[in-house]
Amino acid sequence: MSKSPRSFRTIACTVAAMGLVLAGSVSATAATSEASTPVPINPPDGTVMSYVVNTGQANPGQTRKAEKAVTDAGGVVVQSWPEIGVVIAQSDRAAFRDTVKAKGRGAVASVGATRTVEVKDKVTGPQAPWGPGSSGWNQGKNKPLNGDEPTEPVPATGSDSLEGQQWDLTMIQADQAHQVTDGSRNVLVGVLDSGIDPTHPDLQANIDVADSVNCTAGGRPDQSEGGWYPTTSDHGTHVAGTIAGVRNGVGVVGVAPNVRLASVKVVNDDGFIYPEYAVCGFMWAAQRGMDVTNNSYYIDPFEFWCDDQPDQAAVREAVARAVNWSSEKGVVSAAAAGNSHVDLTVNTEDLGSPDDAATPTPRTINAGCKDIPAQVPGVVTVSSIRQTGDLSYFSNRGLGEIDVAAPGSRILSTIPGGYGLKSGTSMASPHVAGVLALMKSAHPELTPAQLVQKLEDDATPTPCSAPQVVPGIPAPACVGTPELNSYYGHGIVNALKAVQ
């Protein structure tokens, strides 16, 4: 089913061009210990569904057993990730989940449906071999630290024509950071999104075609020509411009205009980011030696994935394994906090999930229900602020959940064929990804954990502000200290300190 207007909500962006459209439909009152509301997924025989199959241990032996269990249960192995013990499968058997566990004989720890509707992206043909001597098992590029090669600072050499309208760069002191460096060509940022326009004059020179990929073919990496291009959404192109718009005398300038970008397409033509797409994106980023990823979305079809629901818990486990493995391989990730204007520590209702169903199921949610990837440990969670410095009304918030804040309202950046304004935590997150790219350029020896620590230490402490008042929209109050609060986290991200 085509739900293209919904894609902006899913990828945490409230709108294109000059206006704002309220995103999400989640209310907040107080935390609850109640069980979350189940959303049964019981397809009849003959309906092709997608699943994650998690092994008990991440190794080739158990992955092979899980693959055999999938085929013995009447499924198709779409993609195996032996590095993390996750197999992506498709099957038209109603009993697939129970059967694959029985066939796995202890190798299969959990199985979960990744969506509530039949897959459109049915996969045929075998995956690429990953066994010994071939291209898959734990090979990754494992490139040396960027610091092992000389890194020459590239200071700003002039202004682009629209740079004067980029108040967001001034707010985070990126304009001053550019006097030190525009970033290193050694640094590669993965834009997990809807694709990047390969012809845009402010992006073309920075796109790394060799490391770009389409993950929306069932969750299997596809480097076919044009596969990673944008089709139904300009969102990824806008995000890319904020991160690394080229300094070329025209248009806009990115936060880190000299770093490289890889388009990692995880948004399908209907606007959905299913779990298998995101897992593919994080694994690809790690295997290709990327330094930073930006994730301006929540994973569909649930805005909040609950650990007391078996399907949702299995998906959360698979995504967490992918994020953790990418971090171990040197990738640091930033993510949008979401646009449902709730305090993530106390929200108890989700009225809009599953969003791929004809009719969502209003749900009670509890503290074990999380927005992924934003609430996966180790991911930098970013809230959105306005030009006035106060929190954007749509931005999610939460003490201990928000790491840093960044500009996200009416942000000027690239879109196919030109430039446009967008608002959302989707627009805030790429500012942080750009700052992390600058930081990695200036401090190539830092690990992902050290980059996150420095990002938080360098942030400008910001005291609680009054909530932006919009009639009819809840506005959870700010709590905490200037050094750590529910609106700004550790503060507003600071690009100048990142390169010092």
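User: Is Cys 464 buried, partly exposed or exposed?
Analyst: This is a predicted model. Cys 464 has 32% relative accessibility. Buried means under 20% and exposed means over 50%. Cys 464 therefore counts as partly exposed.

User: Which residue does Cys 464 bond to in a disulfide?
Analyst: The sulfur atoms of this link lie 2.1 Å apart. The partner sits in the loop between helix H10 and strand E19, as does Cys 464, so the pair ties together parts 14 residues apart in sequence. The partner is Cys 478.

User: What is the handedness of the disulfide of Cys 215 and Cys 280?
Analyst: The two sulfur atoms are 2.1 Å apart. The torsion about the S-S bond is about -65°. The disulfide of Cys 215 and Cys 280 is therefore left-handed.

User: How many residues apart in sequence are the parts tied together by Cys 215 and Cys 280?
Analyst: Both cysteines are buried. Cys 215 lies in strand E6, and Cys 280 in helix H7. The pair ties together parts whose separation in sequence is 65 residues.

User: Which strands hold Cys 306 and Cys 369?
Analyst: A disulfide joins these two buried residues. The link is right-handed, with 110° about the S-S bond. The pair connects distant parts of the chain, 63 residues apart. Cys 306 is in strand E10 and Cys 369 in strand E14.

User: What pattern do the disulfides follow along the chain?
Analyst: The structure holds 3 disulfides. Bonded cysteines are counted along the chain. The pattern is 1-2, 3-4, 5-6.

Key:
Residues are numbered from 1 along each chain as its sequence is written. This is a predicted model: local features need pLDDT of at least 70, side-chain atom pairs count only at pLDDT 80 or more; totals for chains, interfaces and linings use all residues. Side-chain values use heavy atoms; hydrogens and water are left out. A disulfide is a pair of cysteine sulfur atoms within 2.5 Å. Helices (H or I, at least four residues) and strands (E, at least two) are DSSP runs, numbered from the N terminus. Buried means under 20% relative accessible area, exposed over 50%, partly exposed in between (1.4 Å probe, protein chains only).
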